[in-house]
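Me: I would like to learn how to read a structure such as this one, feature by feature. Could you take me through it slowly?

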Amino acid sequence: MSEEMRTFGYLCPRCGRPVMGTRSIFALEASDAEIACECGGSVLRTSYDGRNYRLSVPCGLCGEVHASVCPPERMLRGATALGCARTKQFSCFIGPEGVVEQHLRELSILAEKEKQQTDDPQAFADSVIMYEVLSELRDIAARPGGITCACGSGRYGMEIRRSAVDLICRDCGAKLRIPAATDRDLDDLCCRMKLVIPGR
Ligand SMILES: [Zn+2]
Ligand SMILES: [Zn+2]
Ligand SMILES: [Zn+2]
């Protein structure tokens with residue numbers, strides 16, 4: 001009979017690599033567990049006080065170590081994620097190995113993207129929102145008369161900025177700024193069938 005296993009996954013704040021470790025439920029109940037990165041730069045720790053699990057999780061997003069308390073039903077069943085208070089994103093995953101592995105892969109792509117953003121001040125405020133906004137703009141532009149200018153022109157150019165997209169009329173030069181930084185911006189755009197640049 002195979003023992004029930006739990007996998008833990010986080011991103012190492014030191015080397016940036018995904019770290020995964022698997023322990024049996026029996027072992028987690030019986031003793032403290034440690035899951036360390038190969039680089040030696042970080043360790044995830046769990047302990048059980050008879051009522052709750054206490055975890056200290058190195059956070060690959062903000063670089064700090066987050067303390068968290070998990071009741072056994074959350075720690076030992078299903079799949080769960082622990083958040084980073086600073087970035088408001090999940091930074092640790094607990095559950096079946098396949099699920100944890102997948103979430104961890106997504107997290108490392110996200111962390112990589114964010115790192116690029118801090119390295120590059122020209123990068124988008126939120127690249128996911130920016131891509132969504134651009135694809136929404138493509139849909140609107142594909143509709144007949146989807147993007148026009150109040151001057152009567154249907155010719156426009158697009159300039160992509162850090163947290164907005166500018167639509168610029170090629171005939172009169174008027175500009176319509178589409179914010180592209182937050183979920184709200186995306187929601188606002190999604191309910192618009194057509195866009196009209198306020199002409200000069
Ligand atoms: Zn490491
Ligand atoms: Zn964090
Ligand atoms: Zn115009």
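**Reading the hairpins and the cores**

Reply: Strand 10 and strand 11 form a hairpin with three residues between them, where strands are DSSP runs of E of at least two residues, helices are runs of H or I of at least four, and both are numbered from the N terminus. This is a predicted model, in which local features need pLDDT of at least 70 and side-chain atom pairs count only at pLDDT 80 or more, while totals for chains, interfaces and linings use all residues. Residues are numbered from 1 along each chain as its sequence is written, and chains are lettered from A and ligands numbered from 1 in the order in which they are written.

Me: Which residues of strand 11 lie on its covered face, and which on its uncovered one?

Reply: In strand 11 (residues 164-169), Val165, Leu167 and Cys169 make up the covered face, whereas Ala164, Asp166 and Ile168 make up the uncovered one.

Me: What should I look for in a nonpolar core?

Reply: In soluble globular proteins, nonpolar side chains tend to be buried together. A core here is a set of buried Ala, Val, Leu, Ile, Met, Phe, Trp, Tyr and Cys residues joined through C-beta atoms within 7 Å; a residue is buried if 20 or more other C-beta atoms lie within 10 Å of its own, exposed if 12 or fewer, and partly exposed in between, with C-beta atoms placed from the backbone. The largest core has 22 residues, of which Tyr10, Leu44, Val57, Cys92 and Ile94 touch the most other members. Strand 1 (5-11), strand 5 (53-58), strand 8 (89-95) and helix 3 (97-119) each give two or more residues to this core, and helix 3 gives the most, with four. A second, separate core of 15 residues includes Ile129, Cys149, Leu167 and Ile178.

Me: With which residues is Tyr10 in contact, leaving aside its neighbours within four places in sequence?

Reply: Contact means that the C-beta atoms of two residues, placed from the backbone, lie within 7 Å. On that basis Tyr10 is in contact with Val19, Leu44, Val57, Pro58, Gly60, Ser91 and Cys92, and Cys92 is also the bridge partner of Tyr10 in strand 8. Strand 1 and strand 8 run antiparallel and are joined by four bridges.

Me: In what order do the four strands of the open sheet lie?

Reply: The order is 2-1-8-7, with antiparallel pairing, and the edge strands, each of which pairs on one side only, are strand 2 (18-24) and strand 7 (80-84).

Me: Why does Gln89 count as partly exposed?

Reply: Gln89, which has its place in strand 8, counts as partly exposed because it has 15 C-beta neighbours inside 10 Å. Not counting residues up to four places away in sequence, Gln89 touches Leu61, Gly83 and Cys84.

Terms used: Pairing = 2+ DSSP bridges.
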